[in-house]
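Have the sequence and the 3D view open.

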Amino acid sequence: MRIRSISAVLALTLLSLVVAAPAGAAPPRDELRKDLRAVVAAGATSAIAEITGPSGTRRAAAGVAELGRPTPAPVGGRFRIGSVSKTFLATVVLQLAAERRLTLDDTVERWLPGIVPDGDGITLRQLLDHTSGLYNYTAALDLSPAGWLPQRYRSWDPAELVALATAKPPLFAPGTDWSYSNTNYVLLGMVVKAATGRHYSTEIQRRIIGPLGLRQTESPGERVRISGPHAHGYLPVGPAGAEKPVDVTSYNPSIADAAGDMISSTADLNRFFRALLGGRLLPPAQLDAMTTMRTVAPGSGYGLGLETTTLSCGITLYGHGGGIFGYATNTLHTRDAKRQLSISVTPYVGDPGAAFESLIDNAFC
């Protein structure tokens with residue numbers, strides 16, 4: 001799930017970075033810490049990251065865990081990952097396809113009769129790669145602080161979220177264009193339940209989280225708190241130039257549902273993508289389908305629940321970005337997953353985009 005109002009950081013997922021250096025090893029920990037401090041100084045309360053590469057693993061943090069307190073941001077802390085959740089769900093859907101329990105050419109109507117108007121013309125593949133044309137339900141919500149904060153603990157049913165989208169006309173005929181829509185993945189979560197008889201979070205747990213030992217990762221349902229060490233997230237509230245921080249660490253994540261409700265850590269994200277890109281979670285045919293990219297912007301592509309960005313130093317990175325109230329996440333990996341970066345930022349005011357770009361340059365170029 002992407003909540004674009006929280007920070008320009010959230011637009012970095014599909015960013016073509018400007019660099020011109022040969023590929024090198026991951027930066028040492030002190031340099032990574034320096035880069036994270038620059039991200040914080042540019043407009044965040046905390047930033048944590050883990051880089052893996054031929055020279056080993058580097059982990060660092062900058063900023064504070066909570067405004068007004070001296071406790072530093074926890075290096076191994078947990079955070080809300082927003083739309084990075086989509087890659088977990090897409091992996092489950094592709095596993096079900098490999099097991100022949102569904103096919104990517106199945107229609108939405110086949111699995112969810114009557115839920116989507118003209119659902120017999122939309123395939124599961126088009127949900128996965130955002131070519132369905134369905135309106136993005138988050139665009140129908142008032143996600144400004146004034147609109148969202150009074151209902152931050154509200155429970156949302158996935159059918160309610162889909163209804164917000166289907167009340168709007170489609171953006172285009174299925175398969176004729178591309179537009180990122182959280183509605184697609186809410187529907188895929190419903191399809192997983194229809195195909196397996198189990199909630200999508202149960203399938204993610206039994207198929208991915210459990211087997212890989214991702215002990216910091218969960219789909220929390222309607223639980224409002226982040227357990228374990230974590231940095232707090234904030235929204236600026238008030239007139240421009242006189243904003244006050246409102247702590248939004250706790251809220252009901254059902255507003256994101258299968259499109260972005262998950263919590264994880266940098267280490268767990270790197271482990272998940274290492275297993276995924278290394279072929280441990282999907283057979284070759286399904287992994288090839290996931291990593292086959294449609295160009296959606298210069299230097300950027302989208303496959304089946306997976307994004308790519310190609311750096312000007314020639315390296316193409318695979319992963320996903322995500323933003324949700326108080327938190328922005330990016331997880332980036334070479335195709336062989338031998339070099340990886342996962343980072344969580346708690347953006348506040350300012351624009352840490354340039355500092356973030358510099359960090360990626362140092363990590364991969």
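Q: Why is R154 called partly exposed?
A: R154 has a relative accessible area of 32%. Buried means under 20%, exposed means over 50%, and partly exposed is in between, with a 1.4 Å probe and protein chains only. So R154 lands in the middle class. This is a predicted model, where local features need pLDDT of at least 70 and side-chain atom pairs count only at pLDDT 80 or more, while totals for chains, interfaces and linings use all residues. Residues are numbered from 1 along each chain as its sequence is written, and side-chain values use heavy atoms, with hydrogens and water left out.

Q: What makes E160 and R154 a salt bridge?
A: Their side chains meet at 2.7 Å, N to O. The rule asks for a side-chain nitrogen of Lys or Arg within 4 Å of a carboxyl oxygen of Asp or Glu, so the pair qualifies. E160 is partly exposed because its relative accessible area is 32%.

Q: What makes E99 and R207 a salt bridge, and why does the pair tie together parts that are apart in sequence?
A: The N to O distance is 2.8 Å, so it meets the salt-bridge rule. E99 sits in the loop between α2 and α3 (108-111) and R207 in helix α8, so the link spans 108 residues in sequence. Helices here are DSSP runs (H or I, at least four residues), as are strands (E, at least two), numbered from the N terminus.

Q: Why do E99 and R207 get their accessibility labels?
A: E99 has 40% relative accessibility, so E99 counts as partly exposed. R207 has 12%, so R207 is buried.

Q: How do you know that E218 and R78 form a salt bridge?
A: Their closest N and O atoms are 3.0 Å apart, so the pair passes the rule. E218 lies in the loop between α8 (200-212) and β4 (234-237), and R78 in the loop between β2 (56-63) and β3 (79-80), 140 residues apart. Both E218 and R78 are buried.

Q: Why is Q95 called buried?
A: Q95 has 10% relative accessibility, so it counts as buried. Q95 belongs to helix α2 (residues 85-98). Leaving aside residues up to four places away in sequence, Q95 touches R207, L281 and L282, where a contact means heavy atoms within 4.5 Å.

Q: Why is R280 called exposed?
A: R280 reaches 61% relative accessibility, so R280 counts as exposed. R280 is found in the loop between α9 and α10 (284-291). Beyond residues up to four places away in sequence, R280 touches L212 and A275.
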